[in-house]
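Visitor: Hi, I've got a protein open here and I'm new to this. Could you walk me through it?

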Amino acid sequence: VKGQRGWTDETAHISTNEGKVLAADMIVTGTVWFTTDSKHPFLHSINKIFEKNGKNFPWSKKDAIIVKTGLEGDPNNPVFPVRSGQSTKFEAPDFAKHDEAWFVGNIEVQIDEVEKHDHPVIDDFNQMIVDVFNLAAGNMLKKGNLLTWNIWCAAPDYVDQKEWQNHANYWRTSIDEDHRSPGGARSDQRYFDGSEFHPKNVLGEELEEAINKLFKESIQKYEEKE
């Protein structure tokens, strides 16, 4: 999340829907990076090319590969709305509903292109890594994809601003390449019926073979460019 602004009626009664409204705007980018303990030799080979050209390899979030997002139908506008109620784009499965929530809002954001650096090796590499990510993530960050989800909110409460700032900073820098947050491992990806989604179960050995083949060909291509 790069920026947000919004409003809700904090006087709304908790036990009813009376007065419960939410409106916000957000700016978000997709970020893909590795940690320095990543073992694949391809990454360390490419890192040498980055260093030779005075560029930082995406070993951390601050140097991450950036995927731009924007308003549906207008990807050049990075600001998109958060609005009251569940999304009308889909019917949420039962496991994704939270009756105990105070309120629910929804987000729709369109995925745009991978941010360019005007360097052929870096731009090719970044696009390749995002393509590999999409193989394993159901095309989540594929250009043109529309991501839509519901946000289930707790009731408004008093905030210790210092504690909240420390909390936000901790989360901003504490997610690693396995997408684990400070609160523990993330939940598994699931289909609508609740069954778990595992890329290897869908693509089998083809996924690993495709990634290794892509890496091997890329090393040769990048070395030729250098």
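Guide: Below we go through the overall layout, some strands, a helix, a serine and some aromatic rings.

Guide: First, this is a predicted model, so local features need pLDDT of at least 70 and side-chain atom pairs count only at pLDDT 80 or more, while totals for chains, interfaces and linings use all residues. Residues are numbered from 1 along each chain as its sequence is written, and side-chain values use heavy atoms, with hydrogens and water left out.

Visitor: Okay. How many helices and strands does the protein have?

Guide: There are 5 helices and 7 strands. Both are DSSP runs, numbered from the N terminus: helices are H or I with at least four residues, strands are E with at least two. Along the sequence the pattern reads β-β-β-α-β-β-β-α-β-α-α-α.

Visitor: And how much of it is buried?

Guide: 30% of the 226 residues count as buried. Buried means under 20% relative accessible area, exposed means over 50%, and partly exposed is in between, using a 1.4 Å probe and protein chains only.

Visitor: Which strands does S2 pair with?

Guide: Strand S2 (residues 22–27) is joined to S1 (residues 3–8) by 6 bridges, and the two run antiparallel. S2 also runs antiparallel to S5 (residues 80–84), with 4 bridges between them. Two strands pair if DSSP finds at least two bridges between them.

Visitor: Which residues are bridge partners there?

Guide: Gly3 has Ile27 in S2 as its bridge partner, and Ala23 has Arg83 in S5.

Visitor: Which residues of H2 are buried?

Guide: Quite a list, including Val121, Ile122, Phe125, Met128, Ile129 and Val132. Asp123, Asn126 and Asn134 are among the buried ones too. Just after H2, Gly138 takes a positive phi of about 65°.

Visitor: I clicked on Ser87. Where is it?

Guide: Ser87 sits in the loop between S5 and strand S6 (103–114).

Visitor: Why does Ser87 count as buried?

Guide: Because its relative accessibility is 6%.

Visitor: What does Ser87 touch?

Guide: Leaving out residues up to four places away in sequence, Ser87 touches Asn106, Glu108, Thr148 and Asn150. A contact means heavy atoms within 4.5 Å. The Ser87 side chain also reaches the backbone nitrogen of Lys89 at 3.0 Å.

Visitor: Now the rings! How many aromatic pairs does the structure hold?

Guide: The structure holds 7 aromatic pairs. Rings of Phe, Tyr and Trp (its six-membered ring) pair if their centres lie within 6.5 Å; planes under 30 degrees apart count as stacked, over 60 as edge-to-face and the rest as tilted. One of the pairs is Phe57 with Trp59, tilted, at 4.5 Å centre to centre and 45° between the planes.

Visitor: Why is the pair of Phe57 and Phe125 tilted?

Guide: Their ring centres are 5.4 Å apart and their planes are at 45°, so that pair counts as tilted. It links distant parts of the chain: Phe57 is in the loop between helix H1 (41–52) and strand S4 (65–70), Phe125 is in helix H2, and they are 68 residues apart. At 0% relative accessibility, Phe125 is buried.

Visitor: Which residues form the aromatic cluster?

Guide: Phe34, Phe50, Phe57, Trp59 and Phe125 form one cluster.

Terms used. Polar contact = N/O pair within 3.5 Å; in protein donor to acceptor, adjacent residues only side chain to side chain.
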